[in-house]
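Me: I am new to reading protein models. Could you take me through one, feature by feature?

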Amino acid sequence: MLDTAAGPITIEFFADKAPNTARQFMRLAAAGVYNGMAFHRVAPGFVIQTGALSTRPAPLTEKQQALVHNLAPEFNDTRHVKGIVSMARGDAPDSAQTSFFICTAPSAALDGVYTAFGRVVDGMSAVDAIEASPRTGETPNTRIDLKTVRIEKKEN
C-alpha cells in the first residue's frame, strides 16, 4: 500500500508476469527505500511517477544502497491501461532501478517495452488527485509525498 499525500493507493502485484520486478519492489519497500520520496513527474493523460532516489530527503543507508541495482526487463502481455504500475527506465531496457509509474490512461506505446508489474486495486481517487495537481510542465508545483510503502499479504 502506497501512503501518499493524496491518500492511500493499494497495488496488486503480477508475481506471475514479472516475478523478479515484483520481488525487488517489495524488497526495496521493506527496506524503506521509497519512504519520503516524491511524485516527481505528473503527465496528465499518461502517467504519475515516483521512486526517483533524488527526491528522497535523506540519502540511502549503506544497507539500502546495496539493494539498488539495474533490473533485467520482464516484458509481458499486460496492456498499459489506467491503473497499471510499471517500472520507469532510461533508454536501455535493463536500466530500471527504483523509479516507477502508474498509468492514468491507456498508453499502448509502452506495451511490451516497459515492465508492467502490478495494478491499482484501490485508491484511484488518490491517483486522479495527483494527476490533477498544479504543475509546471510535468513537475508538480508543490511536493507530493510518497510517505511510506507497506507490503501486506493478501488474504485468501
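**Strands, barrel and a ring pair**

Reply: Strand β1 (residues 2-4) and β2 run antiparallel and are joined by three bridges. Strands are DSSP runs (E, at least two residues; helices are H or I, at least four), numbered from the N terminus. Two strands pair if DSSP finds at least two bridges between them. This is a predicted model: local features need pLDDT of at least 70, side-chain atom pairs count only at pLDDT 80 or more, and totals for chains, interfaces and linings use all residues. Residues are numbered from 1 along each chain as its sequence is written, and side-chain values use heavy atoms, leaving out hydrogens and water.

Me: What holds strands together, and which residue stands opposite proline 8 in β2?

Reply: Strands of a sheet pair through backbone hydrogen bonds, either parallel or antiparallel. Here, aspartate 3 stands opposite proline 8.

Me: In what order do the eight strands of the closed barrel run?

Reply: Follow the pairing from strand to strand. The order is β1-β2-β7-β5-β6-β4-β3-β10, with antiparallel pairing.

Me: How many aromatic pairs does a search of the whole structure find?

Reply: Rings of Phe, Tyr and Trp (its six-membered ring) pair if their centres lie within 6.5 Å; planes under 30 degrees apart count as stacked, over 60 as edge-to-face and the rest as tilted. The search finds seven pairs. Phenylalanine 13 and phenylalanine 25 have ring centres 5.5 Å apart and planes at 50°, so this pair is tilted. The pair links distant parts of the chain, 12 residues apart: phenylalanine 13 lies in strand β2, phenylalanine 25 in helix α1 (residues 19-30).
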